[in-house]
Amino acid sequence: MVQMTRSIVHMDLDTFFVSVERLMNSKLMGKPVIIGGMSDRGVVSSCSYEARRFGVHSAMPMKMARALCSEAIVIRGDMDAYSRYSRMVTDIIAEQAPVYEKASIDEHYLDITGMDRFFGCMQWSHELRQRIMKESGLPISYGLSVNKTVSKIATGEAKPNGEILVPDRQVQGFLSPLSIRKIPMIGNRTFHLLRSMGIATIGTLGQIPMEMMESLLGKNGLAIWKKAHGIDPAPVRQYSERKSIGSERTFQRDTMDVAGLHDLFTAMVEKLAFQLRREEKLTSCVTVRIRYSNFDTHTLQRRIPYTSFDHLLIPVARELFDRLYQRRMLIRLVGVRFSGLIRGVQQLNLFEDTSEMVHLYLAVDMLRKRYGPDAIKRASGIQLHDLEERTAHSQEQQAHPAPERRQQIDNLKSRRWRYWYR
Ligand SMILES: [Mg+2]
């Protein structure tokens, strides 16, 4: 089968968080700006090109960044504003593009295959980019090529504030001289491994036999080899605000126990938020649903800044429930749902001022991955019968619970009070 050449655009807002801050405060223009945790233990989430010139980059400890660039203006992130601007850009793209995927808070892929017959893909993308910049005030760059990988690499080369077209026949020539670091999959460890073998450019990487890459790096090696050859069949997956995850509970006996329902929401949100983090997703909309005993059903939803943190989601779900539950009637069913999902994890973690909160989440999630989603819960989300049931269960399963696990859980319980209920 002859495969039609696709036209895939990757659009990425330039230093997105910094650009939004500059829209809100023009004094930041032209100056080195760093966004992230304010304390010495914080981490750089995003930085301006002026700061990059000093060697500052994202994921770097804030302490080091400040040492490298003492005149930098350091700002704590404002996820609320970034989420609003992110949506504004998505809305513009949604209006114009036949198929688009929101890959993260500041990145979109567009499949515009076939557009060239009418307009010319490059011209079309250029006009879309101009429109985004005019309406949002934010600088954005794009790469246009035959698949997601090449387009994304092209965007990286177009930045800042640029656009690049890499036609089918030029893909190899475009990729060859670039550093292997430009391949999105190559992390630090793989980079150093390949560098130690004398492989610096994508062109050299492409000369290594596929089998050797596979034996060296396993399945990843194969994927990297394909990317080095500009091969990437992954489709652009249409983004839907409505795509969601949710949980519902129908009671055997209808209830009016508000405290118990709050606890139930806590437990449901906690479980769903864990699912978000496990799948490296963020939500931007919470919907709560209740059904009274007479089957009257009411829902309420609220848009929120992108997050996957329980301590931000639980209060929203509880508040929506409180606003919904006005009738003092028996409730038959409750549900909670997260929608407006995008891929993302680290950007949010990096806002936390202290890394303790992030580490706590990581530790709790690690226990859940190892011992199951119910291995550890927030005290308020545990109902008494639940606790008894689980105690019996765990005794049955584990006659001699590992002391280190007990210790871990105890530690987490005491820390939870310090950090989650402050
Ligand atoms: Mg970006």
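Q: How many helices and strands are in the chain?
A: The chain has 16 helices and 13 strands. Both are DSSP runs numbered from the N terminus: helices are H or I with at least four residues, strands are E with at least two. This is a predicted model, where local features need pLDDT of at least 70 and side-chain atom pairs count only at pLDDT 80 or more, while totals for chains, interfaces and linings use all residues. Residues are numbered from 1 along each chain as its sequence is written.

Q: What share of the residues is buried?
A: Of the 422 residues, 35% count as buried. A residue is buried if 20 or more other C-beta atoms lie within 10 Å of its own, exposed if 12 or fewer, and partly exposed in between, with C-beta atoms placed from the backbone.

Q: Which residues touch the most other members of the largest nonpolar core?
A: I34, L110, V269 and A317 do, in a core of 87 residues. Such a core is a set of buried Ala, Val, Leu, Ile, Met, Phe, Trp, Tyr and Cys residues joined through C-beta atoms within 7 Å.

Q: And which helix gives the most to this core?
A: Helix α11, residues 258–278, with nine residues.

Q: What is A317 in contact with, leaving aside neighbours within four places in sequence?
A: F265, V269, V286, V288 and V336. Contact is when the C-beta atoms of two residues, placed from the backbone, lie within 7 Å.

Q: Switching to sheets. What is the order of the five strands in the open sheet?
A: The order is β5-β6-β1-β7-β8, with mixed pairing. Two strands pair if DSSP finds at least two bridges between them.

Q: Which strands stand at the edges there?
A: β5 (99–104) and β8 (163–165). Each has a single partner strand, so one side of each is left without a neighbour in the sheet. On average, neighbouring strands of this sheet are turned by 15° against each other, direction ignored.

Q: How do β5 and β6 pair, parallel or antiparallel?
A: Antiparallel, over five bridges. E101 has Y109 in β6 as its bridge partner. A hairpin through two residues joins β5 to β6.

Q: And β1 with β6, in what sense?
A: Strand β1 (residues 8–13) and strand β6 (residues 107–111) pair in the antiparallel sense, over five bridges. M11 is partnered by H108 in β6.

Q: Which strands does helix α6 lie across?
A: Helix α6 (residues 148–158) lies across β1, β6, β7 (140–145) and β8. Its direction is at about 140° to β7. Axes are lines fitted to C-alpha atoms, for helices over the stretch in contact, and angles run from 0 to 180 degrees between N-to-C directions.

Q: What is in the loop between α6 and β8?
A: P160 has its place there. A cis peptide bond joins K159 and P160, with omega about -10°.

Q: What about the open sheet of three strands, what order?
A: β3-β2-β4, with mixed pairing. The edge strands are β3 (44–47) and β4 (73–75), each pairing on one side only. Strand β2 (residues 33–36) and β4 run parallel, joined by three bridges. I35 is bridged to I75 in β4.

Q: Now helix α1. Why is it largely enclosed?
A: Seven of its nine residues are buried, so the rest of the structure largely encloses α1. Those residues are F16, F17, V18, S19, V20, E21 and R22. The cover includes β1, β2, β3, β4 and α4.

Q: At what angle do α1 and α4 cross?
A: Roughly 100°, and the axes of α1 (residues 16–24) and α4 (residues 79–96) come within 10 Å. The two are therefore roughly perpendicular. That label covers 65 to 115 degrees; under 35 is roughly parallel, over 145 roughly antiparallel, and the rest oblique.

Q: Which residues make that contact?
A: F16, F17, V20 and M24 of α1 with A81, Y82 and Y85 of α4.

Q: Where does T15 lie?
A: In the loop between β1 and α1. T15 counts as buried because 24 C-beta neighbours lie inside 10 Å.

Q: And F295, buried or exposed?
A: Exposed, with 8 C-beta neighbours inside 10 Å. F295 sits in the loop between β10 (281–292) and β11. Its phi is positive too, about 75°.
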